[in-house]
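Work through the exercises below with the model open. Each task is followed by a stepwise solution.

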Amino acid sequence: MEINYNIVSFIDTLGLIQGVILGLLLIIINRKKDKSTLFLGLFIIVYALNLLPVILEDLNIITYYLQYDLLPFDFTWLMFPLFYIYVQQVSILSKNKLSYWTLIPGVLEFIIAIVVFFQDNDSKMEIEESLWYNLILLGGVLFSFYIGFKTLNFIKKHTKELKDQYTSTEYRELRWARGFVGFGLLLTFIAIASEFFDTGFYFDLTLSTINVMLLYWISVRGILQQNVETLIPLENSEKTVDKSDKNNDSSINSENTVKLLQEIKKYIQDEKVYTVPDLTIIDIAEKIGTHPKRISGVINSQLNQNFNTYINSFRVEKAKELLRSDIANNLSVEGIGNEVGFQSKSTFYDAFKKYTGTTPSRFKNSA
């Protein structure tokens with residue numbers, strides 16, 4: 001038997017070992033109360049095991065040991081659903097019903113793959129060339145895209161709800177998860193397209209290297225990512241309107257609503273609570289004695305803003321005042337951003353440009 005040792009199979013083997021180890025580590029970390037990494041760990045393990053059939057083929061082992069052909073480790077139906085459930089668990093919407101049903105097709109496909117694997121070699125060859133087998137493979141790809149887009153849509157909902165409760169969202173928005181899903185779908189498309197072309201050694205090497213780096217990057221992000229807790233109990237989410245407004249169809253424009261908005265604004269300005277970096281909607285709700293959902297509802301309906309952008313508008317106004325004053329001579333632009341409640345320079349610049357159309361530095365120079 002002549003084993004075809006090559007750098008591509010070496011990198012894939014490294015990815016396989018790394019993925020299994022990191023996946024198990026994430027499953028162990030899942031025991032911590034503030035981290036839900038069980039499904040991320042399972043995702044990384046199946047992602048890594050997906051490389052095993054490729055490794056055996058690259059090493060030329062399948063040629064001599066046909067019984068290892070069609071290993072039941074093609075988890076196309078299972079990978080994206082596992083990541084989807086992980087995203088749901090760590091998101092601010094985690095108290096909602098999780099989509100465990102998305103795992104059913106993947107589990108069924110895995111059972112079928114096991115049955116196929118234990119067939120004799122002739123039967124395997126016949127199955128591999130059959131229409132129904134190729135339809136299953138195609139179905140897995142289409143299902144992956146479907147779940148991928150559902151994940152992106154879910155993260156969008158998560159971000160919207162997040163900005164209705166928090167002012168500091170930088171490490172809670174799950175941007176890395178959104179980026180991975182987009183990149184993962186692109187890789188899936190490239191992998192499919194490569195089946196129709198003679199890709200060559202360097203293409204395979206690049207793809208293998210990306211897989212190894214991706215496994216490591218996702219694992220690190222999973223270790224760092226904490227659960228984003230909702231500040232509003234789910235059982236109270238429907239109790240967002242005061243009893244006096246429940247039977248009033250025009251409650252959005254009611255006198256009580258306008259009065260509440262004025263009360264919110266007065267409290268924020270008088271107490272300067274917008275300078276608190278990690279201010280939440282609960283902080284304000286407790287002080288003015290109303291339900292947080294009531295506050296977010298009023299801000300949304302009356303100002304067409306979320307809680308995050310509403311608080312940032314106060315911060316930007318205060319920043320403009322400081323940039324015009326003598327304080328600007330003693331503080332850096334970033335220092336002024338921190339002074340008014342922004343936790344990072346990038347967040348400050350983004351918010352400032354959104355409201356003024358220019359950067360803090362240019363505003364300071366013009367002032």
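**Exercise 1.** In this predicted model, find how the axes of helix α5 (residues 79-90) and helix α8 (residues 131-162) are placed.

*Solution.* Step 1: take the approach. The two axes come within 9 Å. Step 2: take the angle. The axes of α5 and α8 cross at roughly 10°. Step 3: classify. Angles under 35 degrees count as roughly parallel, so α5 is roughly parallel to α8. Step 4: assign the hand. The crossing of α5 past α8 is left-handed.

**Exercise 2.** Which residues of α5 and α8 meet, and how does their contact divide by class?

*Solution.* Step 1: list the α5 side. Phe 80, Pro 81, Tyr 84, Val 87 and Gln 88 take part. Step 2: list the α8 side. Their partners are Phe 143, Ser 144, Ile 147, Gly 148, Lys 150, Thr 151, Phe 154 and Ile 155. Step 3: sort by class. The contact of α5 with α8 holds 8 nonpolar, 4 polar and 1 charged residues.

**Exercise 3.** Describe the fold of the whole protein chain in numbers.

*Solution.* Step 1: count elements. The chain has 17 helices and 0 strands. Step 2: get the extent. The C-alpha trace spans about 80 × 55 × 35 Å along its principal axes. Step 3: compare with a globule. The radius of gyration is 27 Å, whereas a compact globule of 367 residues would have one near 21 Å. Step 4: check burial. Of the 367 residues, 46% are buried. Step 5: check contact range. Among contacts with a separation of 6 or more, 74% join residues 24 or more positions apart.

Terms used: Residues numbered from 1 in each chain as written. Predicted model: local features only at pLDDT ≥ 70, side-chain atom pairs only at ≥ 80, totals over all residues. Heavy atoms only, no water. Axes fitted to C-alpha atoms, helices over the stretch in contact; angles between N-to-C directions. Helix = DSSP H or I, 4+ residues; strand = E, 2+ residues; numbered from the N terminus. Parallel < 35°, antiparallel > 145°, perpendicular 65-115°, else oblique. Left-handed = near helix turned anticlockwise from the far one by under 90°. Contact = heavy atoms within 4.5 Å. Nonpolar A, V, L, I, M, F, W, Y, C, P; charged D, E, K, R; others polar. Rg over C-alpha atoms; globule rule 2.2 N^0.38 Å. Buried < 20%, exposed > 50% of the residue type's maximum accessible area, 1.4 Å probe, protein only.
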